[in-house]
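The tour below moves from one selection to the next and says what is found at each stop.

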Amino acid sequence: MIRMSRVNASLRRFGFGSMIAAAMLSGCSGGGGGGGTSTPPPPAPPSVPIAVSGAQAVWLDATTIVWPGAAQGASYRLFYSLNASLSPTSAGVSGADNASGDVLSPGTLTSTQLAAFPQYASALVLTVPAATAAKIGNVLEDQIMVVQYSSGAPSAATEVQTGPVLDAVYASAASVPLGLSFDASSDAPTFRLWAPTAQSVSLNVYPNATSTSATIEPMQFDPGTGVWSYTAANAGWTNSAYYTYTVKVFTRAVGAAGAIVTNTVTDPYSVTLNANGQYSMVANLADAATQPAGWPGTLLPTAAVPTDSVIYELHVRDFSSRDPSVPAADVGKYLAFTDTSSEGMTHLAALAHAGLTHVELMPVANFSSVDEVNCTTPVITPSTGAGLQAQLDVVNTQAGSCYNWGYDPFHYGAPQGSYSSAPQDGLARVREFRQMVQALHGIGLRVIMDVVYPHTSSSGQNPYSVLDEIVPGYYYRLDANGAVENNSCCSDTATERTMMAKLMIDTLRVWAGSYKVDGFRFDQMYLIPRPVMIAAASAVDQVAAQDGRGNAVIFGEGWTAPSQVASVIVPSSQLNLGGTGIGSFNDRLRDAVRGGGPFDSGSAMRAHQGFINGLCYDMNTVDAATNPDCSGDAGDALFALQDRIRIGLAGNLANFPLRPGVTGAGVDYFGSPTGYTVSPQENIVYVSSHDNETLFDVSEYKQPASVSVADAARAQVVGLSLVALSQGVAFIQGGDDLLRSKSGDSNSYRSEDYFNGIHWDGSTNNWAVGLPPQNTGNNAADAATLGPLLNSRPVPDPATILATSAAFQEFLQIRKDTDLFRLPSAAAIDACVSFPDASAQIHGLIVERISGIGACTSNSGFSSVVVLFNASNQQQSYPIAAYAGDAKGTASGQVYLDPVQASGSDAVLKTGWNFTSTSSAGVFTVPPRTTAVFVQYR
């Protein structure tokens with residue numbers, strides 16, 4: 001239907017439209033044009049026009065507006081204009097439909113409002129007249145201003161943020177299915193778009209992906225929900241046609257005070273698109289036309305407990321760009337995963353056999369940074385050492401390249417087209433994405449998507465800001481002046497808004513249900529409210545349970561939120577997620593293993609060694625000169641790091657008893673607690689990811705020059721073993737098991753296949769292939785420090801790379817075979833895990849014991865397990881009284897190397913380990929730079 005206010009805007013200008021709208025929307029008659037028109041206009045003011053200070057006022061619900069910082073003793077009026085004609089004058093504003101303004105009276109926030117909006121506790125509160133509230137839907141279409149009067153003269157003015165009031169007025173929209181739905185019998189589509197502030201919306205349907213001629217259909221508006229809809233007569237468009245919407249709406253993003261714009265825009269709920277997201281496609285994901293043969297294939301149940309999970313992070317292009325066994329047409333595409341005999345898929349299958357459970361794909365939902373039709377894969381001139389030509393070639397070709405990580409979302413529910421063999425064909429990307437999922441499921445690997453809901457690439461009237469072109473100002477988190485915040489990288493979305501949360505949860509349901517995705521990694525999760533994350537996890541679990549897969553793996557970046565965000569929402573941060581079952585990356589263990597932190601650059605990259613690369617036991621020249629006694633803020637620097645690692649090994653539990661009087665939360669991490677989880681599944685254990693330098697590269701900075709390639713590789717295996725054997729969910733960056741290098745690149749998001757590719761055959765690891773591009777990350781700041789290392793540190797040989805891979809797979813096998821490394825609860829960890837050396841530490845050594853008897857009974861056949869993580873450059877021995885008098889062997893009660901390692905590939909370990917005992921203790925011995933797992937047979 002068409003609102004009466006749109007029939008004749010002039011009626012509203014003289015008050016009659018207000019009366020009609022009030023009668024229609026509230027069932028009672030209105031009194032004049034604005035509820036306050038009986039009050040005479042204020043006296044003649046000075047001749048200088050008032051200044052409009054952004055959009056500082058916030059409309060919370062139909063009857064309440066707040067203006068933080070505004071004077072309590074002044075008076076206020078609300079002005080609005082359907083045609084966006086408001087203009088500041090010395091008298092206030094001209095061009096208003098309610099010429100004298102609606103009088104806003106002083107008010108107070110209710111306890112419910114204060115709970116929802118604590119950031120406005122001290123703000124000026126204004127009450128909206130009942131007549132204005134009765135026609136709230138009409139007013140929200142308009143350009144809106146609040147004017148302050150002091151001593152009867154206008155003294156300030158501001159525009160109005162309307163996100164909260166749209167939530168309040170159109171709350172019922174949350175239950176309406178948006179985007180496309182299809183008649184169960186005829187397959188005819190219905191289109192639904194939430195655009196409550198739009199003055200008109202029409203549907204444009206194109207016969208194919210490239211047509212510029214559209215059939216235009218007017219859409220019907222539901223004033224109760226703010227949803228516009230259109231139902232087709234038959235299925236003629238289904239799985240063949242494309243569509244857009246034309247939306248006429250007011251936006252503050254144009255001009256000094258906003259304007260009415262007409263935007264042609266794609267559907268925020270697009271399930272697929274033509275090339276570069278110009279059109280949405282009328283695609284029914286339930287139809288055979290969108291499905292590959294045999295879809296969905298074998299669905300894998302969730303791991304028995306969440307802590308069974310081991311995740312391997314991959315980028316679609318990285319997976320196949322350096323794999324000569326992949327057909328040329330499939331390189332960099334979804335279809336590369338369907339080439340099951342390729343080197344990459346063979347490697348993944350071997351990892352799956354050893355114990356890998358999930359592959360996490362970096363963003364594969366549609367993003368804006370790659371031209372899906374015209375992008376190129378440039379030819380890069382190879383460099384060696386610290387050569388410059390390769391990075392110069394990369395920089396010169398970045399603008400038109402097919403390579404990007406994809407953290408610039410465009411459409412949340414549609415697959416990225418540049419990974420499809422036919423970007424212009426909306427069905428191709430759907431089928432090929434599903435083929436990729438099928439192929440990974442087929443080798444026993446579940447699929448996790450990296451999703452990016454806290455921002456979009458653009459907002460306002462930018463061509464890539466779909467959301468803001470439909471409901472301007474609603475979907476984005478705004479600052480005190482009404483500008484879009486940018487705490488992420490780009491335009492921050494307001495996931496606290498009902499319909500933004502709905503968009504997030506609804507599209508997650510599509511990925512989990514229609515694509516059989518098994519879990520989600522949330523980028524910048526700390527910018528999403530905790531209740532929304534809990535609701536999202538529940539929704540995804542419900543979808544996965546429908547086809548017997550069980551609960552999904554849900555985790556993300558739980559860093560500390562900026563104060564301006566934390567004042568508005570309860571962030572999904574590490575310290576807030578305990579008890580939710582939602583995982584967050586454990587930076588405590590990461591930094592302790594690697595050394596330093598993610599923000600180090602330049603000469604600091606050499607300083608701040610970590611557990612695996614020499615702190616205190618094999619100091620490099622920088623640390624030896626600046627910290628010769630290895631001291632830290634609270635004593636021994638390495639002992640502090642080792643305690644953080646111990647807590648990480650124990651699930652990073654806040655209440656884990658490390659030693660008498662010290663729990664996980666009591667171990668310091670730069671003023672914050674090290675332990676913060678309530679259950680181990682909340683502990684996402686990792687030592688590297690796509691961000692920052694790879695584990696190999698960061699250790700190349702920090703190890704002394706005397707460390708050989710073989711020893712550097714052994715140190716890396718110690719680091720990987722800490723991940724594989726931790727209580728929690730293990731997370732590995734793809735290729736770290738092959739000593740993956742990006743030639744020192746600190747942020748390779750657009751560094752091309754050249755710096756990012758993985759050599760699955762182990763022929764090389766990509767170290768010393770030139771200085772990385774100087775226009776991203778810390779690469780320019782690092783160049784003077786990195787260059788000499790690239791020129792001097794040797795490239796690992798294939799034998800060393802493959803030995804690293806084999807050793808890592810053995811640790812996966814140990815984790816898989818021995819459930820003592822996958823304890824399901826905090827109670828089990830508290831009862832079964834201990835660190836005999838926690839009160840008498842040795843540099844470079846961590847000793848862990850896990851009981852397998854009594855309440856800790858294991859199905860592994862072991863009565864206990866002892867792990868010596870020896871990162872040091874010396875053989876280490878450690879006595880444990882509980883093993884006094886025990887014999888070395890594999891009979892009941894005897895102690896031996898874990899059977900996987902005893903028959904494994906590490907010759908140094910097999911000849912260098914030992915167990916002896918006396919009447920007072922059993923003594924465990926391990927070679928340098930080695931993790932050894934000892935088992936006591938039941």
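Begin with Cys-402, which counts as buried because its relative accessible area is 12%, where buried means under 20%, exposed over 50% and partly exposed in between, for a 1.4 Å probe and protein chains only. Before going further, note that this is a predicted model, in which local features need pLDDT of at least 70 and side-chain atom pairs count only at pLDDT 80 or more, while totals for chains, interfaces and linings use all residues. Residues are numbered from 1 along each chain as its sequence is written, and side-chain values use heavy atoms, with hydrogens and water left out.

**The disulfides**

The link of Cys-375 and Cys-402 is right-handed, with 90° about the S-S bond. The two cysteines are 27 residues apart, Cys-375 in the loop between β21 (365–367) and α10 (389–397), Cys-402 in the loop between α10 and β22 (409–415); helices here are DSSP runs of H or I with at least four residues, strands are runs of E with at least two, and both are numbered from the N terminus. Cys-375 is buried as well, at 16% relative accessibility.

Select Cys-616 and Cys-630 next, a disulfide with an S to S distance of 1.4 Å. The link of Cys-616 and Cys-630 is left-handed, with -50° about the S-S bond. Cys-616 is buried at 17% relative accessible area, and Cys-630 is buried at 4%.

Then select Cys-832 and Cys-856, joined by a disulfide with S to S 2.0 Å; the torsion about this S-S bond is about -100°, so the disulfide is left-handed. Cys-832 sits in helix α23 (residues 826–832), and Cys-856 lies in the loop between β38 and β39. A search of the whole structure finds 4 disulfides, and, with the bonded cysteines numbered in sequence order, the pairing is 1-2, 3-4, 5-6, 7-8.

**The open sheet**

From Cys-856, move to the strands on either side of its loop. In which order do the 5 strands of the open sheet run? The order is β37-β38-β39-β44-β41, with antiparallel pairing, two strands being paired if DSSP finds at least two bridges between them. The edge strands, each pairing on one side only, are β37 (833–834) and β41 (895–897). Strand β38 (residues 845–851) is joined to β39 (residues 862–870) by 7 bridges, and Ile-846 has Phe-869 in β39 as its bridge partner.

**The cores**

Now select Trp-59, Trp-194, Phe-520 and Phe-522, which have the most contacts inside the largest nonpolar core, a set of 209 residues; such a core consists of buried Ala, Val, Leu, Ile, Met, Phe, Trp, Tyr and Cys residues joined through side-chain atoms within 4.5 Å. Helix α12 (residues 498–514) gives the most to this core, with 9 residues. A second, separate core of 16 residues includes Val-847, Val-866, Leu-868 and Tyr-883.

**Helix α9**

Finish at α9 (residues 343–354), whose 12 residues reach 17 Å from first C-alpha to last, close to the 16 Å expected at 1.5 Å a residue. Its buried residues include Met-345, Leu-348 and Leu-351. Just after α9, Gly-355 takes a positive phi of about 150°.

Terms used. Expected span 1.5 Å × (residues − 1). Disulfide = S-S within 2.5 Å.
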